[in-house]
Amino acid sequence: MTGWVAVAGLGPGDAALVTPEVTAALGAASDVVGYAPYVARIAPRPGLRLHPSDNREELSRALSALRMAAEGRRVVIVSSGDPGVFAMASALFEVMEAHPGHADADIRILPGITAMLAAAARAGAPLGHDFCAINLSDNLKPFTEVERRLRHAARGGFAMAFYNPRSASRPHQFARVLDILREECEPARLILFARAVCTPDERLTTVQLADALPAMADMRTVVIVGNEATRRVGRWLYTPRSVAP
């Protein structure tokens, strides 16, 4: 039997937002590997082996999946959101590059709905024009690089979506992010704090930059910063598709 590895996005949390393609792959899988809270979202069934692991074990998780596939097993690596956005798809290819013996493995990348896109949809259309996504964690890059990219994005007029804004181990860094935004943007710039989108704990809060506080974000929050044209229409938040001359 020929094995394969599928890297699948489970979406932001609501089972209704898991794509049929991902559902089919999970139904065909012999093994599911991933960060423990994501693996916990997979219903057990006879013949399916679940392999939960810690959040910092991306590379060992990917290598294990490739080795299982080489044995003829059908492996799904699960990520939240989309696996290609700050998630496991890149980690898998990093491992393949370091272990060229797996270069011919049957790999399938199955997209999912990101927390960023789900949050934007809940609020309206704040990413309706050019935007960028920035991971504020400094686990894999220095925070000076986060600051550099943030300033360039703000000066470029982009709307911005921030992943991993504030954790217990680095609570001060998001305060620095807000300081940089205040240096580069006008005080009335609209910011959406979208916590636990598409779960029972969902909470959306929109404030002006002048009123934004570090405590409004945690690791379950996606932060979307509008561009200078982003505005409210009733309870909705949107960014126009055109730029005024």
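How many of the 6 residues of β4 are buried? Keep in mind as you look that this is a predicted model. Select β4, residues 74–79: 5 of its 6 residues are buried, so the strand is largely enclosed by the rest of the structure.

**Stop 1: around β4**

Pick Val-76, which belongs to this strand. Its relative accessible area is 0%, so Val-76 counts as buried. Show what is in contact with Val-76, skipping neighbours within four places in sequence, and you get Trp-4, Ala-6, Ala-8, Ala-25, Leu-26, Ala-29, Asp-31, Val-32 and Val-33.

Now bring in the strands that pair with β4. Strand β1 (residues 4–9) runs parallel to β4, with 6 bridges between the two. Zoom in on Gly-9 and you'll find its bridge partner in β4, Ser-79. While Gly-9 is selected, draw a C-alpha to C-alpha distance to Val-76: 10.0 Å in space, for two residues 67 apart in sequence.

**Stop 2: a tyrosine pair**

Searching the whole structure turns up 3 aromatic pairs. Start with Tyr-35 and Tyr-38: the ring centres are 5.2 Å apart and the planes meet at 85 degrees, so this one is edge-to-face. Tyr-35 is partly exposed at 25% relative accessible area, and Tyr-38 is partly exposed at 24%.

Another of the pairs is Phe-174 with Phe-193, again edge-to-face, with 6.2 Å from centre to centre and 85 degrees between the planes. This pair links distant parts of the chain, as Phe-174 is in helix α7 (residues 171–184) and Phe-193 in strand β9 (residues 190–195), 19 residues apart. Both of these phenylalanines are buried.

**Stop 3: the largest nonpolar core**

Which residues touch the most other members of the largest nonpolar core? Of its 24 residues, they are Met-160, Phe-162, Phe-174, Leu-181 and Ile-191. Colour by element and you'll see β7, α6, β8, α7, β9 and β11 (221–225) each giving two or more residues to this core.

Apart from neighbours within four places in sequence, Phe-162 is in contact with Ile-134, Leu-136, Leu-150, Phe-174, Val-177, Leu-181, Thr-221, Val-222, Val-223 and Val-225.

Next, show β7 (residues 131–135) and β8 (residues 159–163) as cartoon: they pair in the parallel sense over 5 bridges. To get from β7 to β8 the chain passes through helix α6 (residues 143–155), and this β-α-β crossover is right-handed.

**Stop 4: two positive phi values**

Most residues other than glycine have a negative phi. Go to Asn-164, in the loop between β8 and α7, and check the backbone: phi is near 50 degrees, a positive value in a residue other than glycine. Asn-164 is partly exposed, with 23% relative accessible area.

Then jump to Ala-196, in the loop between β9 and β10 (203–208). Its phi is near 55 degrees, again positive in a residue other than glycine. Is Ala-196 buried or exposed? Its relative accessibility is 5%, so Ala-196 counts as buried.

**Stop 5: a 3-strand sheet**

Select β6, β13 and β12, which form an open sheet in the order β6-β13-β12 with mixed pairing. The edges are β6 (124–125) and β12 (231–233), each with a single partner strand, so one side of each has no neighbour in the sheet. β6 and β13 (residues 236–238) are parallel, with 2 bridges, and Gly-124 has Leu-237 as its bridge partner in β13.

While you're here, show the side chains of Arg-235 and Trp-236: the charged end of Arg-235 sits over the Trp-236 ring, 4.0 Å from the ring centre.

**Last stop: Glu-57**

Finish in the loop between β3 (49–53) and α3 (58–70), where you'll find Glu-57. This residue is partly exposed, at 34% relative accessible area. Draw one more C-alpha to C-alpha line, from Glu-57 to Gly-128: they are 71 residues apart in sequence and 35 Å apart in space.

Technical notes:
Residues numbered from 1 in each chain as written. Predicted model: local features only at pLDDT ≥ 70, side-chain atom pairs only at ≥ 80, totals over all residues. Heavy atoms only, no water. Helix = DSSP H or I, 4+ residues; strand = E, 2+ residues; numbered from the N terminus. Buried < 20%, exposed > 50% of the residue type's maximum accessible area, 1.4 Å probe, protein only. Pairing = 2+ DSSP bridges. Right-handed = clockwise from strand over helix to strand, strands pointing away. Phe/Tyr/Trp six-rings, centres within 6.5 Å; stacked < 30°, edge-to-face > 60°. Lys NZ or Arg CZ within 6 Å of the ring centre and 35° of its normal. Core = buried A, V, L, I, M, F, W, Y, C linked by side-chain atoms within 4.5 Å. Contact = heavy atoms within 4.5 Å.
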